[in-house]
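Thanks for coming. Here is the structure for today; please have it open while I go through it.

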Amino acid sequence: MAQAEALRPEHDLVNRGISTVSVDLKERAGAEAVRALAARADIFLEGFRPGVVERLGLGPDVLLERRPALVYGRLTGYGQSGPLSTAAGHDINYLAQSGALHALGTPDGDPRPPINLLGDYAGGGLVGALGLVAAVLEARSSGRGQVVDAAMVDGVALLTAKLQGLRTAGLVSDPPGTSYLDGGSPAYGTYRCSDGRHIAVGALEADFYAQFVSRLGVDVSHWPDQNDESQWPRLRRLIAAAVGRRSMREWERIFEGTDACVTPVLTFEEAAEHPHGRERVLFREVDGVLHPSPAPRYSRTPSPPPRTPAAGDTDTIEDLLTRWKPRDLGETEER
């Protein structure tokens, strides 16, 4: 938390492009200002623990009465119901509670969280945003809004849908790190090169695997079959020895233009400077900070280039009330 609290505004990239107004919700005037803004909005989003906004006079019953077509989003860790709904938590806790963290482990190691990408941003932010957009589209058809209960633990569980099917089919099993997609297969994992860097290999399909091993520069005629799970430890050692003979950049050149599904494990800066990263403008440097470009890409209404997040308030309530006209936000009258 100390690192997050010390983060300077220009480094808080998730707030770029956002208009900011500070409001004291415990003051009657502050809460009323938010109610006035919500009466003109398509979406109201809050991230407090259950019951907090109701005590502030900003619950869904209050806001939906003023604007029946409002989509009321509630983004939390554990959701609006259940024994854990009021519990504190972080990304790692939601992964653990959903079962996903267990699947990120290795046979002889501890579960390791993928930074905070899976719970906070994928299962929480992205799944929640999709739900809000879907609810807005429905509201424009029906004229009626609703509450969207977006819990990070729910979103992470949803992201494991493919995994659940593979588990039931017997293609993924415990312990973690012993199956095709979790690093168990020698054809799907990372390998250390002679310079200490790594390449990522995703040569699961037979054709891709054949292209991969044919370019390793060693005799593979005596190697075990890639699908013989009993021989996976031996096959991994053989591949590791072959890969360890060359540098990451050498392997990048060897596999360039092939379907072997081999890529260098790049740093963020290297990803930005890679020919593909440059052409796609994967990242942009803005005021000395590496910004990921907006995604996805729109053909008719492209997103503006990223800019430095503003420090402090960028608007006032009066500015927003003047700027936000109901006619700019879609249909507002109940049908």
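The protein chain has 15 helices and eight strands; helices (H or I, at least four residues) and strands (E, at least two) are DSSP runs, numbered from the N terminus. This is a predicted model, so local features need pLDDT of at least 70 and side-chain atom pairs count only at pLDDT 80 or more, while totals for chains, interfaces and linings use all residues. Residues are numbered from 1 along each chain as its sequence is written, and side-chain values use heavy atoms, with hydrogens and water left out.

Some totals. The C-alpha atoms fill a box of roughly 75 × 45 × 45 Å along the principal axes. Of the 335 residues, 31% are buried, where buried means under 20% relative accessible area, exposed over 50%, and partly exposed in between (1.4 Å probe, protein chains only). The accessible surface is about 20200 Å², with 53% of it on carbon and sulfur atoms; areas come from the Shrake-Rupley method with a 1.4 Å probe, and for residues only the protein chains shown count as cover. As for contacts (heavy atoms within 4.5 Å), among those between residues at least 6 apart in sequence, 62% join residues at least 24 apart.

Now the open sheet. Its three strands come in the order β1-β2-β3, with parallel pairing; two strands pair if DSSP finds at least two bridges between them. β1 (43–46) and β3 (146–151) are the edge strands, each pairing on one side only. On average, neighbouring strands are turned by 20° against each other, direction ignored. Between β2 (residues 71–76) and β3 there are six bridges, and V71 stands opposite Q146 in β3.

Which helices pack on this sheet? α7 touches β1, β2 and β3, and its direction makes about 165° with that of β3. Helix α8 (residues 152–159) touches β2 and β3, at about 70° to the direction of β3. Axes here are lines fitted to C-alpha atoms, for helices over the stretch in contact, and angles run from 0 to 180 degrees between N-to-C directions.

Elsewhere, β7 (residues 283–286) and β8 (residues 289–292) run antiparallel, joined by four bridges. F283 has P292 in β8 as its bridge partner. This hairpin has two residues between the strands, and D287 takes a positive phi near 50°.

Last, back to helix α7 (residues 117–142), which contains Y121. Y121 is partly exposed, with a relative accessible area of 40%.
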